[in-house]
Amino acid sequence: MSPSADTALPPPERDALAGEYVLGLIEGTELAAAEHRHERDRDFAASVEAWRGHLAAIDATATPVTPPADLWSRIEAGVAGVVASAAAAPAAMSRAAPAVRSRFSDWWDSLFVWRGAAFAGALASLLLAIGLFGALDRAKRQPVMVAVLLTDASVAAAVVHTFADGRVEMLPLQSINVPEGKALEIWTLWDRAVGPRSVGLIDSARTTPLRLDNLPLGKDQLFEITLEPATGSPTGRPTGPIIAKGTTSQRL
Amino acid sequence: MATGAAPPRGMGEIEQALLACASGDKSALRRIYDAESPRMLGVAQRLLKRRALAEEAVQDAFVLIWRHAARFDPERGSGLTWIYAILRNRSLSILRDERRTETSDTPIAEEMASEEDDPETVMSKLSDASALRACLETLPPQRRSLVLLAFVQGLTHGEIAGRLKMPMGTVKSWIRRSLISLKECLG
């Protein structure tokens, strides 16, 4: 069902694939192949454009919503960040627009990955919690909560510890490859209505204190690491690929 | 655009504004915002249900439009489809990321499943003159609704299968065949 992106498809299959791609129904490796095809295969790209043009009629039926007064200023702030980081790293501008999708897509590639991540996460949390608690007991530095951050391959990449005195720190468990001009940004999410907040920016995987300051901190709070421009995310929200993520659990 | 026919190629206002964005003219981004943001917010709201998420999607979309304006090629498609493709991709990734990180909350898909999102309601709002409507009408209602659920609510194959209590393979093949029929009809 997923022939090489470089072979031409018969028109009905090409158009069905283009339609599925535009609807957002293609996932995982097939999505990567479709994006590749969109870049290379002009007939496929033309079919994608035709579907987008036709389906725009459906978007036109959505009831318009007046944007809040501050939305434009939020956009301007995001754009200002882009201008600053673009000046620093013009090479980053060469990404193609269709690749925007792929930067976020890896995360929902596969249910199996996520089931695997859930099981592996539970197991890793348990093993790490046992190991960490033993060691930390002896060190008299007992974290109140621990989050194990897993990669999408279910590898524990880092842990986040929170302490009773309000300190929060992240300890890497794996070396993380950070390309030139990029940095690792650490985020926390406690309320989806508020959205993720940046709590740290580091140039390489190393133990680092996280700045939660007055942000809330509780159980099941999400921490994640994304790859961002060296100056941090231009939008104030995670934009790059997620390196690892996990939620806090209370120490027993 | 509103007719659903492929928009004419050429340099309309949006295309010119995108080229100006590529050369660093921020007022061009503002022109796109003034012209399109209410509808973009409406589209994002229909996919994401929650206002805060819809605003986030539109905000991110404009930053991405600005960042990638230089990659817009008027030879390959219209400015509006390019902009709405960015908005849709960003909305879908927020939608699916939210569903993944959801713990005990009501899943977004079930929250405020308003009549406005209902496939037949959307059908009735499509312009009579649109080629898409005429062609959707040639499909059996149930198959048509699968395509509309995927587009309007951003559901995946698996979510549609769960919602309609149908086997995943059937959902996939019905959508596939519906798309092939639609394409034949749309030409």
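**Close-up views of the predicted model**

**View 1. Val159(A) has Leu171(A) as its bridge partner in E3(A).** This is a predicted model: local features need pLDDT of at least 70, side-chain atom pairs count only at pLDDT 80 or more, and totals for chains, interfaces and linings use all residues. Residues are numbered from 1 along each chain as its sequence is written, while chains are lettered from A and ligands numbered from 1 in the order in which they are written. Strand E2 (residues 156–162) of chain A pairs with strand E3 (residues 168–172) of chain A in the antiparallel sense, over 5 bridges. Strands pair if DSSP finds at least two bridges between them. Helices (H or I, at least four residues) and strands (E, at least two) are DSSP runs, numbered from the N terminus. Val160(A) stands opposite Met170(A) in E3(A). The hairpin of E2(A) and E3(A) has 5 residues between the strands, and Gly166(A) takes a positive phi near 95° there.

**View 2. E3(A) also pairs with E6(A), antiparallel, through 2 bridges.** Met170(A) has Thr208(A) as its bridge partner in E6(A).

**View 3. An open sheet of 8 strands in chain A.** The order is E5-E4-E7-E8-E1-E2-E3-E6, with antiparallel pairing. Strand E5 (197–202) and strand E6 (208–209) of chain A are the edge strands, each pairing on one side only.

**View 4. Helix H7 (residues 141–153) of chain B packs with helix H9 (residues 168–186) of chain B.** Their angle is about 95°, and their axes are 9 Å apart. H7(B) is therefore roughly perpendicular to H9(B); that label covers 65 to 115 degrees, with under 35 roughly parallel, over 145 roughly antiparallel and the rest oblique. Axes are lines fitted to C-alpha atoms, for helices over the stretch in contact; angles run from 0 to 180 degrees between N-to-C directions. Arg143(B), Arg144(B), Leu146(B), Val147(B) and Ala150(B) in H7(B) meet Val171(B), Trp174(B), Ile175(B), Ser178(B) and Leu179(B) in H9(B). Contact requires C-beta atoms, placed from the backbone, within 7 Å. By class, this contact has 7 nonpolar, 1 polar and 2 charged residues. Nonpolar covers Ala, Val, Leu, Ile, Met, Phe, Trp, Tyr, Cys and Pro; charged covers Asp, Glu, Lys and Arg; the others, Gly among them, are polar.

**View 5. The contact between chains takes 55 residues from chain A and 71 residues from chain B.** Elements giving two or more residues to the chain A side include helix H1 (11–23), helix H4 (71–88) and helix H6 (111–139) of chain A. H3(A) supplies the largest share of that side, 11 residues. The chain A side divides into 33 nonpolar, 11 polar and 11 charged residues.

Technical notes:
Contact = placed C-beta atoms within 7 Å.
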